[in-house]
Amino acid sequence: MRSIVAGLATVVVLGTVAGVALKNSAVVSVGTSAIGSALGKLTGHASHGLSGVRALSHGKTASAKNLVSTNNAPPPTPVVIDGVSMRYNPYKPSDGAYPSLALVKHLWIDVSVDQQLVYIMNGNHVLYTMVTSTGLDTVPGNSTPLGVYHVQAERGTWFYAPQYQMGAQYWVSWLGHGVFLFHSVTETIHHKLIPTVAAKLLSKASHGCFHLTIPDAQWVYNHIPYHTTVVVEQAPVRLLKHQIYKPSSEQKAAALTNPPGGANSMQSS
């Protein structure tokens, strides 16, 4: 969201067969047809002889490739607030307990607009995943800019934007020195949650900023240091065992960076 923040000159606005070990070659010669037939039924192939064994082996290879995932959203934490049903509770962390940054050497943030997810990264490894809402993309001026950015010096615990009649807690600037922010889901001028906007976490809802649950926004405010690299991309992040699968050149470069003073330089804030 964009808003005016007091004190700022600018506008503020992710060998077995069927599981049985074969110890005797005679077993193979005697039971080949039966085994092949049984495995053929299990694998969906019309197999004869040992072809069923080959089919099963091929199936295992194919399944390994299928471990690459783009379905990376944390489990929902459904709640109803003021009669509005929400997939994610805005008063809870997105993905359970937050990570310690004490031993993190290459901290950066990856954001996928397609997935509506914010990934807290250590090199190529995902430390934590947050649900978000990015820009609506409905009119010029309410999109989230794509590219590589860095967390800026401006941050605060509250702002209010009279032009949108919305405010938010725990904001951190990543572009425009107070224009594009990480911040909590929106609230009224009296600090009351706006449920219809909070309910849109994991879908587009902002004027270009990254909406987060209130605890997620507070964690970012307290723990993400100045100059942390932020990669904002359209494409989904593909993961293989919590690692980015075939990272882009921007992701590879970001995975080698570290904020000045180290990733844990704000642990005590």
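A search of this whole predicted model turns up two salt bridges. One of them pairs K192 with D82, whose closest N and O atoms are 3.4 Å apart. K192 sits in the loop between strand 13 (180-184) and helix 3 (195-198), while D82 sits in the loop between strand 5 (79-81) and strand 6 (84-86), so this pair ties together parts that are 110 residues apart in sequence. How open to the surroundings are the two partners? K192 counts as partly exposed, at 48% relative accessibility, and D82 is exposed, with a relative accessible area of 54%.

The other salt bridge joins the side chains of K204 and D137, at 2.7 Å from N to O. Here, too, loops are involved: K204 belongs to the loop between helix 3 and strand 14 (210-212), and D137 to the loop between strand 9 (125-131) and strand 10 (147-150), so the pair connects parts 67 residues apart in sequence. K204 is partly exposed at 33% relative accessibility, and D137 is partly exposed at 36%.

Let us step back for a moment to the whole protein. It has five helices and 17 strands. Of its 269 residues, 46% are buried. The accessible surface comes to about 13,000 Å², and carbon and sulfur atoms account for 58% of that.

Why can helix 4 be called largely enclosed by the rest of the structure? Eight of its 10 residues are buried, and that is the reason for the description. Among these buried residues are I214, A217, W219 and V220. What do the buried residues of helix 4 pack against? Their partners are strand 8 (117-122), strand 9, strand 11 (155-161), strand 12, strand 13 and strand 14. At the start of the helix, a side-chain oxygen of T213 comes to within 3.2 Å of the backbone nitrogen of D216.

Setting aside neighbours within four places in sequence, Q169 is in contact with T157, W158, H183, S184, E187, I214 and A217. With E187, the side chain of Q169 makes a polar contact of 2.6 Å. Q169 has a relative accessible area of 19%, and since the cut-off for buried is under 20%, Q169 counts as buried.

Now for the aromatic rings, which form eight pairs. Y98 and Y128 make a tilted pair, 4.9 Å from centre to centre with 40 degrees between the planes. This pair links distant parts of the chain, as Y98 lies in the loop between strand 6 and strand 7 and Y128 in strand 9, 30 residues apart. Y98 is partly exposed at 24% relative accessibility, whereas Y128 is buried at 3%.

The rings of W174 and F210 have centres 4.8 Å apart and planes at 15 degrees, so this pair is stacked. W174 is in strand 12 and F210 in strand 14, so the two tie together parts 36 residues apart in sequence. Both residues are buried, and together with Y149, F180 and F182 they form one aromatic cluster.

A last stop is S100, in the loop between strand 6 and strand 7 (107-112). Its side chain reaches the backbone nitrogen of A102 at 3.2 Å. The C-alpha atoms of S100 and A263 are separated by 9.9 Å, although these residues are 163 residues apart along the chain.

Key
Residues numbered from 1 in each chain as written. Predicted model: local features only at pLDDT ≥ 70, side-chain atom pairs only at ≥ 80, totals over all residues. Heavy atoms only, no water. Buried < 20%, exposed > 50% of the residue type's maximum accessible area, 1.4 Å probe, protein only. Polar contact = N/O pair within 3.5 Å; in protein donor to acceptor, adjacent residues only side chain to side chain. Contact = heavy atoms within 4.5 Å. Helix = DSSP H or I, 4+ residues; strand = E, 2+ residues; numbered from the N terminus. Areas by Shrake-Rupley, 256 points an atom, 1.4 Å probe, with all protein chains shown as cover. Salt bridge = Lys/Arg side-chain N within 4 Å of Asp/Glu carboxyl O. Phe/Tyr/Trp six-rings, centres within 6.5 Å; stacked < 30°, edge-to-face > 60°.
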